[in-house]
Amino acid sequence: MNKGTAIYPGSFDPPTNGHLDLIERGSKIFEELVVAILRNSEKSPMFSVAERLEMLKELTAPLKNVRLDTFDGLMVEYAKSIDAMCVLRGIRAISDYEYELQMALMNRKLEPTLETVFMMPADKYSYVSSRLVREVAQAGGPVRGLVPDVVEQKLREKLDPAYKLRDTNLIEVPRKTEKRRKKKA
């Protein structure tokens, strides 16, 4: 298949390996895949739109038919404005399907010519969501394997600036596990 322009909309806060999996696979299906970051002024994202664009730009650089953009308002209006014929959405679980089906049917009501294609992520990413990644990272847990390396580094920089300094060897900062061991001793 190689049919027209598709849009893969989302917040991508932060981009995960699940997102990247769908982007890579979607780029093989569509002539052009527009990864569109929703600018939602009602949410308080961890990363600014500019930061998310920067990460996605680096992650999608090898994919020549992937374009990045931002939008606000109704996704169907944005899709029409770029002549997209399809919306790509990922489904991890039954709960995703129920929500995504409802959205797809509403989108069809608003714009009957816009199709929706559902893709399942690779098994190893079937439980990964941006929300869970943020929660694990904010609690100091490991996110390696859940997000690309560049995103993991940006999470560390955002959540613990002292580790950024330690990684550049400017200061010595004890690891959290070392603190716990000392307290137990």
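Are F71 and Y78 buried or exposed?

Guide: F71 and Y78 are both buried, a term that stands for under 20% relative accessible area, where exposed means over 50% and partly exposed lies in between (1.4 Å probe, protein chains only). The model is a predicted one, in which local features need pLDDT of at least 70 and side-chain atom pairs count only at pLDDT 80 or more, while totals for chains, interfaces and linings use all residues. Residues are numbered from 1 along each chain as its sequence is written, and side-chain values use heavy atoms, leaving out hydrogens and water.

The structure holds three aromatic pairs; rings of Phe, Tyr and Trp (its six-membered ring) pair if their centres lie within 6.5 Å. A pair of aromatic rings is described by the distance of the centres and the angle of the planes. One of the pairs joins Y8 and F12, whose centres are 5.3 Å apart and whose planes stand at 80 degrees. The arrangement of Y8 and F12 is therefore edge-to-face, since planes over 60 degrees apart count as such, those under 30 as stacked and the rest as tilted. Y8 is buried because its relative accessible area is 5%, and F12 is buried because its relative accessible area is 1%.

The pair of F71 and Y78, with which your question began, is stacked: the centres lie 5.0 Å apart, with 20 degrees between the planes. In this stacked pair, F71 is buried, as is Y78.
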